[in-house]
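User: I would like to learn how to read charged side chains in a model, going from the general idea to the particular case. Could we begin once the structure is in view?

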Amino acid sequence: MTSSETTPGRGTAVVIGGGLAGVVAAWALRGCAERIVVVERDRYPDEPTFRAGVPQGRHAHLVLEAGHRALEEMMPGIKQELTDAGALRVATSGDLKWLSSAGWIADYPARMAFLSCTRPVLDKVVLDRVRTEPSIEFLEGTDVVGLLGSARAVTGVKVRERDSGRDSGRSSARGEVRDISAELVVDASGRSTSVPKWLAELGCRPVPEERVDAGVAYSSRLFHRPPGADLGYQAIYLQTKAPDKPRMGVLLPVEGDRWIVSLAGMRGAEPEPGEEGFTKHLAQLRDPGLREALRDAEPAGEVRGFLPGPGVRRHYERSSPDGLVAVGDAASTFNPVYGQGVTVSLFCAQALRRIALRQGGVGHATARAARREIAAVSKNPWVMSCAEDVRFTATTGGPSGALIKVQHRFLDKVMAGATRDPLVTAAFHEVMSLVSPPTILFRPSVLASILRG
């Protein structure tokens, strides 16, 4: 069926990128488009394994409480499927030992938790669910090499197969560029998106951007959990403390009775490469707890580095041709140390589905409304991460001035309150888990406790 034969507004949607953001966006459009095509440059492995197209995949990942709620809403039963695949539940109090900038976070009756696993397990469980939808098709081993359309409207994509790989059943010759027409194009190609460049080729004005760059760098490694090891907690997070302690470390339990340990440092305090650099960075953390936890742990893999690049928020809601929506890191890229990226990608998918259902399809009105909604759901996470990034003197970009200084002073009081008062701790965790907006910190009972401190 060609797009001209479909019901108006319910034709073809093309998703650029088959990572987590892309597959949940495709799932969000089911029933709203006749045909949904996910174009993925890699070929998916049969088993959960790290792949080159997800360079951040070898590092610790969090789906925050709000993300789990969003995922379960979109895919009922998915939390149980993740658990069956080996994901482990970690409560935000009791199971997680968190050294904040103000000290150790106080325990409280935890209402929230997250499931901890490696990124390949998360991706595979979600992908398997998405593959059950007959209206979604995957073009694996295929690059998007450009956009169709004009400065007024994007009308599809240009694609080219990367390699022959497994038999794809397609007749196009290797390397041949072909067109896929679409009523909606969703950019889910991540941090390295080429869509802004392709829009310029169509004669579009540059998409307005905000940028902030703390110069963060990562170093991660998997470890076998020592037999009988009992740390008294399941996970540990040693946070940075601006401006003079720019190093952090996290240990999370993952499937296979292993731990994943990720270390990071802001600009000027980046982990040095290799095993020697990893060990050195461990010794430079604010607390020896993480180093001591690994004393008897055997490595289960090599040390892997990662340079995420700057945080970027692209304001497609302000300037964009019709027919285009960006989701996930292609829309807003965050400093990974705050663990917001996956959850915001899920927010984007929820927003896309809400709008597509409301509009009754994937036409231009859907794209315009979805861009506004996606900007709205990503605003608070962006403001929160930028506000913390600019505390470090080597950060470039981001907010400045008297208002941000007032905000920092208030947040310092919040952090101090979270080390001693369970009421403040619970509210703080709701904000950091993206369950509630920062305004809950101004509830009279919470605010009174914060100010008393």
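User: Is Asp389 buried or exposed, and which side chain of opposite charge is nearest?

Analyst: Buried means under 20% relative accessible area, exposed over 50%, and partly exposed in between, with a 1.4 Å probe and protein chains only. Lys and Arg count as positive, Asp and Glu as negative, while His and the chain ends are not counted. A salt bridge requires a side-chain nitrogen of Lys or Arg within 4 Å of a carboxyl oxygen of Asp or Glu. In this predicted model, Asp389 is buried and has no salt bridge, the nearest side chain of opposite charge being that of Arg391, 9.3 Å away. The model is predicted, with local features needing pLDDT of at least 70 and side-chain atom pairs counting only at pLDDT 80 or more, whereas totals for chains, interfaces and linings use all residues. Residues are numbered from 1 along each chain as its sequence is written, and side-chain values use heavy atoms, leaving out hydrogens and water.

User: Which residue joins Asp389 in a polar contact, and where is Asp389 found?

Analyst: A polar contact is a pair of N or O atoms within 3.5 Å; within protein, one must be able to donate a hydrogen and the other to accept it, and residues adjacent in sequence count only if both atoms are side-chain atoms. Here the side chains of Asp389 and Tyr338 are joined by such a contact at 2.8 Å. Asp389 belongs to helix 9, residues 364-389, where helices are DSSP runs of H or I with at least four residues and strands are runs of E with at least two, numbered from the N terminus. With neighbours within four places in sequence set aside, Asp389 is in contact (heavy atoms within 4.5 Å) with residues including Val212, Met266 and Thr395.

User: How many salt bridges are there by this rule, and which parts of the chain does the pair Arg129 and Glu81 link?

Analyst: The count is 23. In one of them, Arg129 and Glu81 meet at 2.7 Å, N to O; this pair links helix 4 (residues 119-130) with helix 3 (residues 78-84), the two residues being 48 apart. Arg129 counts as buried at 14% relative accessibility, while Glu81 is partly exposed at 32%.

User: What is the N to O distance between Arg313 and Glu210?

Analyst: Their side chains meet in a salt bridge at 3.9 Å, which links strand 19 (residues 311-314) to strand 12 (residues 209-213) across 103 residues. Arg313 is buried at 7% relative accessibility, and Glu210 is partly exposed at 33%.
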